[in-house]
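Hi,

Here is the structure I promised to pass on. Have a look at it first, then read my notes below.

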Amino acid sequence: MPMAIVNLVFGGIVGAVLWPFRTLSPWAGMVAVSFLTALLMLEVYKLTSNQAAIRRAKDLIKAHLYEMRLYKDDMRITLGAQRAILKANLSYLAANLKPLAVMIVPLVLILAQLSVWYDRAPLRPGQETLVKARLEGTADPVGAGLDLEVPPGLEITAPAVRIPDLHEVVWRIKAVAPGSGRLTVRSGGTALGKAVVVGDGPLRRVSAIASRGSFSKRVLYPGEGPLPAGSPVRSIEILYPAGRLAAFGLNVHWLIAYLVLSIVFGFAFKGVFKVEI
Amino acid sequence: MMKPGRLVAATLLVICALAAPLPAYIGPGAGFAFLSSFLVFFLTFLLAVFSLIAWPFRFLWRAVRGQRAYRKGPIEQVVVLGLDGMEPTLAEKFMAEGKLPNLARLRKEGSYARLRTTTPAISPVAWSSFTTGTEPSKHNIFDFLSRDPRTYLPDLSSARIGRPKRTLALGRYLIPLSKPEIRGMRKSVPFWKILGDKGIASTILRVPVTFPPDKFKGHMLSGMCAPDLKGSQGTFAFFTEDAEMVRRHEGGVAVLVQRQGDVIRTELSGPEDSLLRRPVEIRLPLTITIDAKAGGAWLALKGHPWFFLREKTFSPWTPVVFKAGLGAKIRGTCRFRIASLGPKFQMYATPLNIDPDKPALPISQPFIYAVYLAKLLGRYITLGEANDTWALNEGALDEAAFLELTYANHAEWEGMLQNALAKTPRGLVAIVFETTDSIQHMFFRYLDKAHPALRAAPARMSPAVIEDLYKKMDDLVGRVAAGLGPKGALFVMSDHGFKSFRRGVNLNAWLHQNGYLSLVEGRTASGEWFKDVDWDRTRAYGLGLGGLYLNLKGREARGTVAPGEEAKALKAEISRKLLALKDVANGPAAVTHVYDRDAVYAGPYKDNAPDLIIGYNEGYRASWDGVTGVVGGAVIEDNPKAWSGDHCIDPALVPGVLFSSLKLKRTDPSIMDVAPTVLELFGIAPPPHMDGRSLVDAGTPAGPAQVKGQGR
């Protein structure tokens with residue numbers, strides 16, 4: 001339950017930030033989120049880091065780089081300077097551990113929410129894909145008697161394929177018309193729902209997996225609520241196509257785009273926040 | 001089998017190298033850190049590879065130039081510790097009492113002599129003679145001040161800082177199209193340049209008259225005469241609610257402040273905005289919020305983070321940024337000290353030093369050397385006249401605070417020295433500590449119970465202030481001697497000695513009373529810088545700490561004395577009368593010697609020297625008013641200031657000291673002899689233009705005495 005609240009809060013924040021950009025290029029939302037994250041992290045970094053230690057370590061690194069330039073004729077000093085640089089760099093990394101430990105929690109949650117928006121693209125009308133139901137290791141997919149029901153706008157194009165070795169049941173579905181809804185996997189008397197999205201908007205919230213798995217899965221796949229217990233189904237996954245962030249004809253992975261942009265914004269605004277990085 | 005230490009180092013290296021990809025998973029904060037770290041590793045690696053590839057070529061080059069030079073001399077490392085103003089009689093007394101064991105050992109196992117100083121015995125003059133091995137008329141430094149004969153106004157003798165020659169006027173701005181003029185006035189060749197040309201490394205720290213720094217193959221940090229951010233030789237500031245203190249201040253910037261509740265809003269006076277056609281002073285708003293319960297105040301300079309400063313405590317070096325026109329920033333650094341939170345608030349701020357982390361002017365050779373020291377050791381004082389003697393004179397600092405600040409500066413220089421010694425195991429390391437000079441100037445009255453300043457204000461500190469100073473310097477000598485290698489030589493020297501300064505002689509008042517200097521009609525006295533002097537009826541005037549100039553036709557703008565016989569006769573007449581000047585009837589002579597420049601100088605810059613140089617007797621010196629061109633008042637008067645010791649007297653009365661770990665061949669050395677001696681020790685023949693003579697035989701000191709230090 002607490003995790004559901006956390007996901008609700010973070011999902012709401014990220015959704016609210018991206019909401020104005022949903023009809024624009026996906027880059028617009030990515031820039032906005034990266035910018036806001038960078039500012040947030042700068043402040044967190046400032047409050048949680050030992051700024052004096054970071055400044056000192058950086059000064060020492062620069063000093064010994066100058067030293068190599070000033071005493072370039074003396075191999076003894078040059079090697080000593082390199083040793084000192086490595087030592088100062090370790091101090092710098094050590095000084096970063098505390099802020100990193102603090103920042104990693106919100107960042108993982110933000111990244112998980114961003115993955116819902118950027119990792120997968122909705123099915124386009126006419127596009128086919130697979131729906132996979134993964135079962136418990138002890139369950140037999142042949143005897144489990146799973147059935148799939150799809151909402152309007154989707155149709156099942158091939159009957160279920162049961163793979164005992166993988167404990168999976170797989171269906172092929174086809175998107176027919178734009179819209180969103182829930183498909184249902186029936187297992188005995190239990191109905192398990194999974195959100196599904198068909199459309200061609202530039203930025204849509206797409207949850208690929210519904211799971212009743214571990215805490216880590218709840219953190220990493222926050223797109224929808226957990227599957228109920230009491231059935232042999234551990235997760236239901238729709239194999240959506242990968243999300244696209246195109247730049248100069250290249251497809252950029254959203255995580256790289258986010259990393260680069262947030263670092264650029266961080267460096268650009270560190271002076272405004274008066275924070276030593 | 002890999003040693004455990006190396007294994008740990010290798011493991012750490014691998015961990016650090018592998019740490020770089022992590023940011024992809026933990027966001028921008030980690031990204032900042034690890035990206036920077038990765039770049040550092042990458043750059044270090046590149047530099048290491050480059051160093052390794054380049055090293056054989058450098059080795060060959062050094063073999064051709066440098067190493068051969070080292071092979072020529074019997075010595076590989078020379079260390080010169082300059083202790084500005086160390087007085088031989090005091091050093092000898094304390095050695096006799098067993099209080100200076102390291103200097104005593106140097107004397108016993110090496111050499112010791114009183115060191116003849118220059119005429120006049122003033123630090124910039126004497127240290128320039130040390131630097132060049134020449135007498136003053138060859139290096140062109142004759143005082144702190146020189147004068148412009150067209151205006152009779154003073155100039156700084158050591159350097160000229162002027163506006164850029166080419167500018168572009170754009171509205172209210174003047175855009176520089178060339179660098180500002182920064183010109184050193186010291187002539188001749190510093191001996192470390194000769195060493196550098198022969199491939200011998202030098203690190204020169206804070207030797208006076210090294211601003212702008214010499215261009216040579218070595219490292220240098222400028223010393224005495226390097227300006228502050230305002231372009232002055234040190235303008236401190238004090239903020240006070242005491243209107244009387246502001247009214248009677250003579251030096252520094254005095255700011256009368258008002259408290260509203262616990263808050264004082266004021267401004268820090270900065271440099272001029274030289275980008276403006278009509279430059280105006282840039283001021284930085286300063287808010288002081290007094291927190292009496294916490295025993296201090298919060299200081300906020302606009303654009304800088306707040307910091308808390310406890311009463312009677314110095315702040316660390318605080319960077320300050322003044323925003324000039326067109327987005328330009330002028331960076332300085334200063335320290336603050338709250339002398340009193342109440343009932344009347346009082347706070348001192350050091351002069352605005354050039355920030356060594358981002359120098360606004362060149363203060364080192366190469367330029368990055370100052371930055372390197374700042375990054376390695378932390379920010380440090382860059383002002384030439386580092387120790388704020390005038391703030392103590394004015395009461396902006398008390399004696400304890402002055403000593404604390406002075407020894408803090410000294411500690412910074414010691415850090416630089418230790419670094420230089422470690423980095424220059426072969427070559428020359430020379431440093432001048434002005435600590436000895438400053439503390440003796442301000443505390444000499446403690447050794448002189450008859451000093452007038454003690455009548456004005458009784459002694460508050462221990463009378464052993466100067467003895468403690470000498471002991472600290474002896475400790476320093478011990479530490480340096482302990483690190484000296486078998487082929488190292490140590491020289492400990494001072495540029496002059498020290499004597500009590502009880503009575504001031506106003507040379508201009510004397511010239512006026514004796515008819516050599518006239519005032520405009522109706523005036524009986526003149527303000528500073530000869531404000532009311534009638535130059536058309538004036539034949540001579542005094543400027544600086546010992547200089548007397550004739551008002552010479554063809555040289556001075558309104559000269560009255562013909563060059564040649566008339567000038568010669570006038571000099572003889574003035575000299576004769578000055579030598580007869582008695583303090584009181586049948587009292588001691590105020591002047592023991594008057595030096596005629598034509599008799600003591602023979603170099604190419606002799607014409608820039610004062611016509612006569614006054615050698616005051618022990619206990620006397622040029623008065624405070626006389627130095628600044630004030631005419632009037634008594635000719636000889638008490639010196640009631642804390643500045644109670646001095647050396648600007650007859651040079652024969654204030655020799656310096658010279659200790660050496662080597663046996664020297666002469667017992668009457670001069671400060672000009674040090675440069676040729678060092679050259680000789682490195683196997684380089686001193687150039688003929690040097691007036692000094694080597695104190696060792698060419699190439700063969702019989703091996704340096706092994707003098708090791710003793711910690712206290």
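In chain A, strand S7 (residues 209-211) pairs with strand S8 (residues 233-238) in the antiparallel sense, over three bridges. Two strands count as paired if DSSP finds at least two bridges between them, and the strands and helices themselves are DSSP runs numbered from the N terminus (E, at least two residues, for strands; H or I, at least four, for helices). One bridge to look up joins A:Ala210 to A:Ile236 in S8(A). S8(A) also pairs with strand S1 (residues 128-135) of chain A, again antiparallel, over five bridges. There, A:Arg134 has A:Ser235 as its bridge partner.

Before you go further, remember that this is a predicted model: local features need a pLDDT of at least 70 and side-chain atom pairs count only at pLDDT 80 or more, while totals for chains, interfaces and linings use all residues. Residues are numbered from 1 along each chain as its sequence is written, and chains are lettered from A and ligands numbered from 1 in the order in which they are written.

For chain B the average pLDDT (the predictor's confidence in each residue, from 0 to 100) is 90, and 92% of the residues score at least 70. Residues 1-27 of chain B are below 50, and beyond near neighbours in sequence this stretch has 31 contacts in the model. A contact here means two C-beta atoms, placed from the backbone, within 7 Å. Residues 701-707 of chain B also stay under 50, with 22 contacts beyond four places in sequence. Where pLDDT is low, the predicted coordinates should not be read in detail.

Back to chain A. Its domain assignment (the bounds come from an automatic or database assignment) gives domain 1 (2-119 + 250-269) and domain 2 (128-238). Their C-alpha centres lie 36 Å apart, and 17 residues of domain 1 are in contact with 13 residues of domain 2. On the domain 1 side, helices H1 (2-18), H2 (26-48) and H4 (75-118) each supply at least two of the touching residues.

Now for the nonpolar cores. A core is a set of buried Ala, Val, Leu, Ile, Met, Phe, Trp, Tyr and Cys residues joined through C-beta atoms within 7 Å. Buried means 20 or more other C-beta atoms within 10 Å of a residue's own, exposed means 12 or fewer, and partly exposed is in between, with C-beta atoms placed from the backbone. The largest core has 198 residues, and B:Ile431 is one of those with the most contacts inside it. Its largest share, eight residues, comes from helix H15 (residues 465-482) of chain B. Apart from it lies another core of 51 residues, including A:Tyr45 and A:Ile277.

Helix H6 (residues 123-132) of chain B is worth a click too: ten of its ten residues are buried, among them B:Trp127 and B:Phe130. They pack against several elements of chain B, including helix H7 (136-139) and helix H20 (674-681). After H6(B) comes B:Gly133, whose phi is positive, near 70 degrees.

Last one: is B:Gly378 buried or partly exposed? This glycine sits in the loop between helix H10 (367-377) and helix H11 (389-394) of chain B. B:Gly378 is partly exposed, because 15 other C-beta atoms lie within 10 Å.

Cheers
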